[in-house]
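Biologist: I'm new to this one and would like to learn how to read it. Could you show it to me, and then start with charges and rings?

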Amino acid sequence: MVSIREKQQLLSLYDGCRVYHGELHDHSRSGGTADGKCTLSEWVQEMGELKMDFAAILDHRQVRHMYLPEWKDGLFIPGTEPGTTIVGGEHGDLHIHYNILLPNRFALQQLLHQFPEYKFTGGIEGHFVYPTFTREHFCELVDAVKALGGFVVHPHPMQLTKVEDPLDYWFRDGMGIEVFYMSADSEFTKEDYPLWVKLLAAGKRVFACAGGDEHAHASDKALTTLYAEDYAAAAYLDHLRIGDFTCGAVGIRMCVGDTVTGGRCAFSGQRLIVCVGDFHDSVKFEDHEYRLDILDDQGVVYSRAISCDDDSFAAIDTGDAAFYRAEVFDVTRNLRIAVGNPIWNGK
């Protein structure tokens, strides 16, 4: 049972927030080196039709997409998707892409100038190259993005480079890794989700992300759900960078005491409180059955049927677990449609 006090305890931590559904990995046709097929104007129209609140447009090798007249803060999140070869690793060189999301467009130019390896030519029409980094230097880049209020995500990890050691995919705690890639039921997601689970089992604090990687039309197949105070990229980033968001098209809010999803606290027998709701239309079917699972580092510890129409609450006593997290299943389709990030045990 969940008491009224417990429900109020959780909801009070999100006072002043509203739900937002959007995309964290997309590309546009903005000229230059951009390889998307749709203009920003087309993105605006299609996002409205799909009831998407935001999209991170991460065009390659340039910054000009963020300075076009159609660009609007809140509707779009600034950033880019570079590629880099990580050299000198235990298992050889590793070629990766990485999504850099930032609270404003000026921060990206500042970052590119800060790391001369990008050879950024500067200005709105400036371009940059894909550099080579050591693993240590790449981690310094991740730290620099965070210092600018941003967030780094390792996209499509298993699709670009397949290595056996999951730790090769980890660079810093507090990074994201795409767990849903292209859609919740894609063959790629079926490879990426186990990788994230292995990283959690290895004690790494990495956040599960979703990304459609759309180069053509807008899509609602790999949405992110978050609760933020304002319709602004900076407000979204405040929650993304601490892991307080859902990989998927369902809202999952969770707390232990005053620590919310993505955080760390000493459990000490406190109660874990979970609220699931705000299903996006893309995953909401009146004739489908849905289920909430709560997991710790050993597996499922709580499960119950939930509604797609109303908020569903659950609460359990915490134990000596490394973390707790929540997932939502569409039982009718036997499909995991939302993955919440953990709350970790520890001071």
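Modeller: A charge sits over a ring if NZ of Lys or CZ of Arg is within 6 Å of the ring centre and within 35 degrees of the ring normal. Here R253 has its charged end over the ring of Y14, 5.9 Å from the centre. R205 does likewise with the face of W344, where the distance to the ring centre is 4.8 Å.

Biologist: What should I know about the model and its numbering before we go on?

Modeller: It is a predicted model, where local features need pLDDT of at least 70 and side-chain atom pairs count only at pLDDT 80 or more, while totals for chains, interfaces and linings use all residues. Numbering runs from 1 along each chain as its sequence is written, and side-chain values use heavy atoms, leaving out hydrogens and water.

Biologist: How many helices and strands are there?

Modeller: Both are DSSP runs numbered from the N terminus: helices are H or I with at least four residues, strands E with at least two. This protein has seven helices and 23 strands. Its C-alpha atoms fill a box of roughly 60 × 45 × 35 Å along the principal axes.

Biologist: And how many of the 347 residues count as buried?

Modeller: Buried means under 20% relative accessible area, exposed over 50%, partly exposed in between (1.4 Å probe, protein chains only). In this protein 59% of the 347 residues are buried. Contacts, meaning heavy atoms within 4.5 Å, tell you how the chain comes together: of those between residues at least 6 apart in sequence, 68% join residues at least 24 apart.

Biologist: On to the rings. How many aromatic pairs does the structure hold?

Modeller: Rings of Phe, Tyr and Trp (its six-membered ring) pair if their centres lie within 6.5 Å; planes under 30 degrees apart are stacked, over 60 edge-to-face, the rest tilted. You'll find 18 aromatic pairs here. One of them is F267 with Y324, a tilted pair with 5.4 Å from centre to centre and 45° between the planes. F267 sits in the loop between β16 (264-265) and β17 (271-277), and Y324 in strand β21 (residues 323-330), so distant parts of the chain, 57 residues apart, are linked. Both F267 and Y324 are buried.

Biologist: Why is the pair of F279 and Y290 called edge-to-face?

Modeller: Because the planes of F279 and Y290 stand at 75°, with the ring centres 5.1 Å apart. F279 is in the loop between β17 and β18 (290-296) and Y290 is in strand β18, so this pair ties together parts 11 residues apart in sequence. F279 and Y290 are both buried as well. Rings can also join up in a cluster, as ring pairs do here for Y20, F54, Y231 and Y236.

Biologist: Let's pick a helix. Which residues in helix α3 are buried?

Modeller: In α3 (residues 105-114), the buried ones are A107, L108, Q109, L111 and L112. They pack against β4 (79-80), β7 (99-101) and α4 (135-147).

Biologist: What happens at the start of α3?

Modeller: You need polar contacts for that: pairs of N or O atoms within 3.5 Å; within protein, one must be able to donate a hydrogen and the other to accept it, and residues adjacent in sequence count only if both atoms are side-chain atoms. At the start of α3, a side-chain oxygen of N104 comes within 3.1 Å of the backbone nitrogen of F106.

Biologist: Now a single residue. Where is H60?

Modeller: H60 belongs to the loop between β2 (54-57) and β3 (76-77). Its relative accessibility is 9%, so H60 is buried. The H60 side chain reaches the backbone oxygen of E81 at 2.8 Å. Leaving aside neighbours within four places in sequence, the contacts of H60 include H27, D35, H97 and H215.

Biologist: T80: buried or exposed?

Modeller: Buried, because T80 has 0% relative accessibility. T80 is in strand β4, and a polar atom of its side chain lies 2.6 Å from the backbone oxygen of D59. Not counting residues up to four places away, T80 touches several others, among them H60, R61, Y98 and L108.

Biologist: And what is the phi of R61?

Modeller: About 65°, which is positive although R61 is not a glycine. R61 is in the loop between β2 and β3, and is partly exposed because its relative accessibility is 33%. H156, also not a glycine, has a positive phi near 30°. That residue lies in the loop between β9 (151-154) and α5 (157-160), and at 7% relative accessibility H156 is buried.
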